Amino acid sequence: MTNVISISHLSKTYATGHAALKDVSLDIRRGEIFALLGPNGAGKTTLISIVCGLVNATSGTVEVAGNDIVRDYRAARSRIGLVPQELTTDAFESVWATVSFSRGLFGCAPDPTHIEKVLRSLSLWEKKDARIMTLSGGMKRRVLIAKALSHAPEVLFLDEPSAGVDVELRRDMWRLVRELRDAGVTIILTTHYLEEAEEMADRVGVIARGELILVEDKAVLMRKLGGKRLSIELAQPLAAIPGRLAPYDLSLSPSGTCLTYTYATTADGAEGEPRQGNGLSIAGLLAGLSAEDIAFTDIHTEQSSLEDIFVSLVRRAP
């Protein structure tokens with residue numbers, strides 16, 4: 001798969017001395033949904049702003065569809081659509097006028113058929129003649145997406161698109177993003193809703209303190225760093241974990257009535273290996289409980305989520 005965005009050794013230090021980005025290198029594949037995750041202040045918006053030509057980098061290079069964002073600014077920028085976090089629209093313009101105007105800014109000829117298609121896909125067609133100021137916050141967010149799609153970009157940046165929107169709009173956006181990906185558009189998504197990234201992304205990048213600490217296919221990431229938790233509800237509370245069970249690195253609840261065992265899955269999807277990789281199995285754990293005459297009333301498992309992995313990575317970041 002070819003790359004549509006190539007970022008090489010990108011850094012940004014502001015006049016205050018704050019290093020927002022530190023030697024970031026990243027390739028985005030054409031036609032993928034890439035989720036860029038990181039806590040507030042990690043550098044996500046700075047990275048997007050540099051790629052979109054809104055902020056100048058201190059060092060490094062960025063190419064979009066083979067066009068350098070500095071030397072070939074117009075060609076690079078014409079390939080990009082950006083949906084910012086802030087609701088910035090002309091309050092007195094109609095929906096149709098503001099979306100059409102955005103298309104013209106990129107030097108594109110008027111195309112009412114394309115504008116209608118975009119508005120209908122975002123459930124905005126009935127509001128095409130309404131002034132922006134009369135719309136709800138969710139509808140204004142839809143207008144921002146329509147503006148970003150007005151010139152049919154190859155790459156679409158969605159910077160916290162679900163911030164402050166209702167569940168219905170979020171679901172509509174998920175549907176639209178998948179349709180755009182299927183049509184060949186590359187989507188770069190930043191979000192605080194990690195279930196959104198888990199649901200939609202093909203690959204995930206994690207940025208912390210201006211450094212890109214991980215880039216991985218989502219499925220591989222979940223397999224490598226994910227895991228399962230086995231919770232064992234005990235018939236009688238334990239005062240302490242017996243020494244025989246120490247190799248399993250179990251956790252005992254404060255009440256003493258629940259044991260928790262965290263284990264990984266093997267490369268072929270089989271279960272039973274603990275995180276430490278010492279070869280102990282769930283069957284061995286249950287046999288150990290039996291040998292210690294520890295009765296239990298219930299067992300249930302829980303799969304680690306992308307949120308669990310994200311929190312763990314950010315905590316370990318230098």
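A residue is taken as buried when its relative accessible area is under 20%. By this criterion, in the predicted model, strand S8 (residues 186-190) is mostly covered, with five of its five residues buried. Thr186, Ile188 and Thr190 point one way from S8, whereas Ile187 and Leu189 point the other way. In a regular strand the side chains alternate between the two faces of the sheet. S8 pairs in the parallel sense with strand S3 (residues 33-37) over four bridges, and Phe34 stands opposite Ile188. Strand S7 (residues 155-159) also runs parallel to S8, joined to it by five bridges; here Val155 has Thr186 as its bridge partner.

Helix H5 (residues 137-149) contains Arg142, which is buried at a relative accessible area of 7%. Beyond residues up to four places away in sequence, Arg142 touches Leu122, Ser123, Leu124, Leu169 and Asp172.

Two aromatic pairs are found in the whole structure. Trp96 and Trp125 form an edge-to-face pair, with 6.1 Å centre to centre and 70° between the planes. Trp96 belongs to helix H3 (residues 95-105) and Trp125 to the loop between H4 and H5, 29 residues apart. Trp96 is partly exposed at 27% relative accessibility, while Trp125 is buried at 16%. The ring planes of Tyr248 and Tyr261 lie at 75°, with centres 5.6 Å apart, so this pair is edge-to-face. Tyr248 lies in the loop between strands S11 and S12, and Tyr261 in strand S13 (residues 258-265). Tyr248 is buried at 7% relative accessibility, as is Tyr261 at 0%.

Charged groups also sit over aromatic rings: the charged end of Lys128 is 4.6 Å from the ring centre of Trp125, and Lys12 lies over the face of Tyr14 at 4.9 Å from the ring centre.

Terms used
Residues are numbered from 1 along each chain as its sequence is written. This is a predicted model: local features need pLDDT of at least 70, side-chain atom pairs count only at pLDDT 80 or more; totals for chains, interfaces and linings use all residues. Side-chain values use heavy atoms; hydrogens and water are left out. Buried means under 20% relative accessible area, exposed over 50%, partly exposed in between (1.4 Å probe, protein chains only). Helices (H or I, at least four residues) and strands (E, at least two) are DSSP runs, numbered from the N terminus. Two strands pair if DSSP finds at least two bridges between them. Contact means heavy atoms within 4.5 Å. Rings of Phe, Tyr and Trp (its six-membered ring) pair if their centres lie within 6.5 Å; planes under 30 degrees apart count as stacked, over 60 as edge-to-face and the rest as tilted. A charge sits over a ring if NZ of Lys or CZ of Arg is within 6 Å of the ring centre and within 35 degrees of the ring normal.
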